[in-house]
Amino acid sequence: MEIVIVPTPKDGGRIAADIVCGAMENGAKMLGLATGSSPLHTYQELIRRHRESGVSFAAMSAYLLDEYVSLTSDQPQSYAHTIRAELVDHIDIDPARVFSPDGGAEDPNEAARRYDATIAENGPIDVQILGIGLNGHIGFNEPSSSLASRTRVKTLTGRTRADNARFFTESAEVPHHVITQGLGTISDARHLVLVADGARKASAVRAAVEGPVSAFCPASVLQLHPHVTVIVDEAAADELELAEFYRYTTEHKPASQGY
Ligand code: F6R
């Protein structure tokens with residue numbers, strides 16, 4: 001696992017965009033996308049490179065991590081709608097090749113199984129962008145999620161519903177259930193890139209990278225993956241015991257070694 005501490009979230013977005021663009025240059029065809037605030041700088045940087053440097057996403061397909069049960073893709077709070085507004089509508093990826101779990105499905109359990117099978121058939125995902133919840137969730141795998149879990153329906157904690165209420169007119173509107181890629185599904189991706197910023201994320205980041213591997217902190221599953229980059233700003237790195245060592249390794253990274 002490589003932990004990169006950056007001065008600002010914008011710097012983090014540049015590094016994550018470097019990883020995505022580098023993978024595409026090396027033939028990557030599948031991106032895994034998170035929604036929420038954490039990847040916004042990454043998406044803005046990818047949009048900028050598309051507009052100003054002609055970076056093309058025309059050969060790519062993309063898979064979202066999760067979706068609210070009961071929201072259809074045309075509803076503004078759905079993650080399918082959000083990712084169109086934040087990224088897809090501003091680059092040249094074919095929108096028909098941007099996939100998300102079907103939150104509006106009559107049978108969400110079946111929709112979850114179908115989504116997992118689609119990723120397995122077409123995968124692996126080359127680069128998976130991740131954010132982290134205050135309780136250590138990735139995707140919507142809340143604490144107690146099996147580290148081997150596949151895409152399925154999960155119940156959100158009250159804390160996650162409260163955190164996400166900012167995207168809804170009323171907090172009561174935040175759905176209780178989601179379809180999320182499982183921790184096993186996420187771990188099938190070739191390269192996991194977790195982006196976190198702000199002091200609120202500091203203890204979750206510490207638990208994820210320096211705590212025990214445990215379903216109590218779902219993001220700790222990253223410690224079992226062979227290719228992980230964690231990009232954190234100074235505030236989110238504040239509780240890392242080995243912060244100095246991570247800075248040192250970044251500074252002394254062998255020239256031949258990319259992300
Ligand atoms: C959303 C997702 C979640 C978020 C996490 C952090 O697709 O996968 O795990 O990444 O809830 O959200 P923000 O970035 O809004 O703090």
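1. Phe 140 counts as buried, at 3% relative accessibility (buried means under 20% relative accessible area, exposed over 50%, partly exposed in between, with a 1.4 Å probe and protein chains only). Please keep in mind that this is a predicted model, in which local features need pLDDT of at least 70 and side-chain atom pairs count only at pLDDT 80 or more, while totals for chains, interfaces and linings use all residues. Residues are numbered from 1 along each chain as its sequence is written, and side-chain values use heavy atoms, with hydrogens and water left out.

2. The ring of Phe 140 and that of Tyr 79 have centres 5.9 Å apart and planes at 20 degrees, so the pair is stacked (rings of Phe, Tyr and Trp, the last by its six-membered ring, pair if their centres lie within 6.5 Å; planes under 30 degrees apart count as stacked, over 60 as edge-to-face and the rest as tilted). Tyr 79 is in helix H3 (residues 79-86) and Phe 140 in the loop between E6 and E7, 61 residues apart (helices, H or I, have at least four residues and strands, E, at least two; both are DSSP runs numbered from the N terminus). Tyr 79 is buried too, at 7% relative accessibility.

3. The whole structure holds seven aromatic pairs. In one of them, Tyr 68 and Phe 140 have ring centres 6.0 Å apart and planes at 40 degrees, so this pair is tilted. Here strand E4 supplies Tyr 68, and the two residues are 72 apart in the chain. Tyr 68 is buried at 1% relative accessibility. Together, Tyr 68, Tyr 79, Phe 140 and Phe 168 make up one aromatic cluster.

4. Now to the sheet: three strands, in the order E4-E8-E7, form an open sheet with antiparallel pairing (two strands pair if DSSP finds at least two bridges between them). E4 (66-68) and E7 (152-155) are the edge strands, each with a single partner, so one side of each has no neighbour in the sheet. From one strand to the next the twist averages 30 degrees.

5. E7 pairs with E8 (residues 177-180) over four bridges, and Arg 152 has Thr 180 in E8 as its bridge partner. Helix H4 (residues 108-122) lies across E7 and E8, at about 125 degrees to E7 (axes are lines fitted to C-alpha atoms, for helices over the stretch in contact, and angles run from 0 to 180 degrees between N-to-C directions; contact means heavy atoms within 4.5 Å).
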